Amino acid sequence: MFAWKNTTWDADTTNNRGDVSQPKLDARTTGMVAGTKVATHAGWAAVETIREGQQVLTFDGGLQTVVAVTRHALMADTTDIASWPLAVPAGALGNREDMTILPHQSVMIESDAVEDLTGDPFALIPGAVLSGFRGITQDRPCEIVEVIQLHFAQDEIVFANIGALFLCRAQADLLSDMAASAYEVLPMDTAEDLVDCLMFEDEARAPSVTTRSAAA
């Protein structure tokens, strides 16, 4: 179980056997990887610099106050490919620069295909389904991955790396899986179908461009 609120594990933390004792990065880990930029009242800032009390720009609520920050320094399990972060090239998700997302991080996308499938032009999908889409690849992580979660009074969608949109869960959601939320993340199978539709849209607009990598 992860520790709560403004907690960081040091790489030299050890257990009674003298081994490194570090929480593991796994496919359920959510949050933003250090280096991701979020929009604040004072401009763009790296997520690891955000503190309680700062205001961050949200998709639906404008500027909202961060009520808690959860920090994880996680050991990478290089044998668990499903847990590997995804490298997102500039422009793939509206982001103006390269960024890294976690497979369980919920990402908001907008498309006619989304509206056709769900009745709403916007949808939240797990990052994992984006592997191979518009050059997005799942890459072997470095030894330690620093993950930061921003929490607000309620669930919010925040702007990241200029144009990408990430879901940030309210602090209450950490304590109960039954907590009410204004945002629903599509299940994996539906999200995969949606990404297939998005790729078809891309191919229809530019038939000569291959949107899934050969490795996907």
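Arg28 is exposed, with a relative accessible area of 63% (exposed means over 50% relative accessible area, buried under 20% and partly exposed in between, with a 1.4 Å probe and protein chains only). Its salt-bridge partner is Asp26, with the closest N and O atoms 3.0 Å apart; Asp26 is buried at 19%. A salt bridge here is a side-chain nitrogen of Lys or Arg within 4 Å of a carboxyl oxygen of Asp or Glu.

The model is predicted: local features need pLDDT of at least 70, side-chain atom pairs count only at pLDDT 80 or more, and totals for chains, interfaces and linings use all residues. Residues are numbered from 1 along each chain as its sequence is written, and side-chain values use heavy atoms, leaving out hydrogens and water.

The whole structure holds five salt bridges. One of them joins Arg134 and Asp202 at 2.7 Å between the closest N and O atoms. Arg134 lies in the loop between strand 10 (122-126) and strand 11 (137-138) and Asp202 in helix 2 (residues 188-205), so this pair ties together parts 68 residues apart in sequence. Helices (H or I, at least four residues) and strands (E, at least two) are DSSP runs, numbered from the N terminus. Arg134 is partly exposed at 33%, whereas Asp202 is buried at 10%. Through shared partners, salt bridges join Arg134, Asp202 and Arg205 into one network.

Thr40 belongs to strand 2 (residues 37-40) and is buried, with a relative accessible area of 11%. Its side chain reaches the backbone oxygen of Gly43 at 2.6 Å, and a polar atom of that side chain lies 3.1 Å from the backbone nitrogen of Ala42.

Definitions and conventions:
A polar contact is a pair of N or O atoms within 3.5 Å; within protein, one must be able to donate a hydrogen and the other to accept it, and residues adjacent in sequence count only if both atoms are side-chain atoms.
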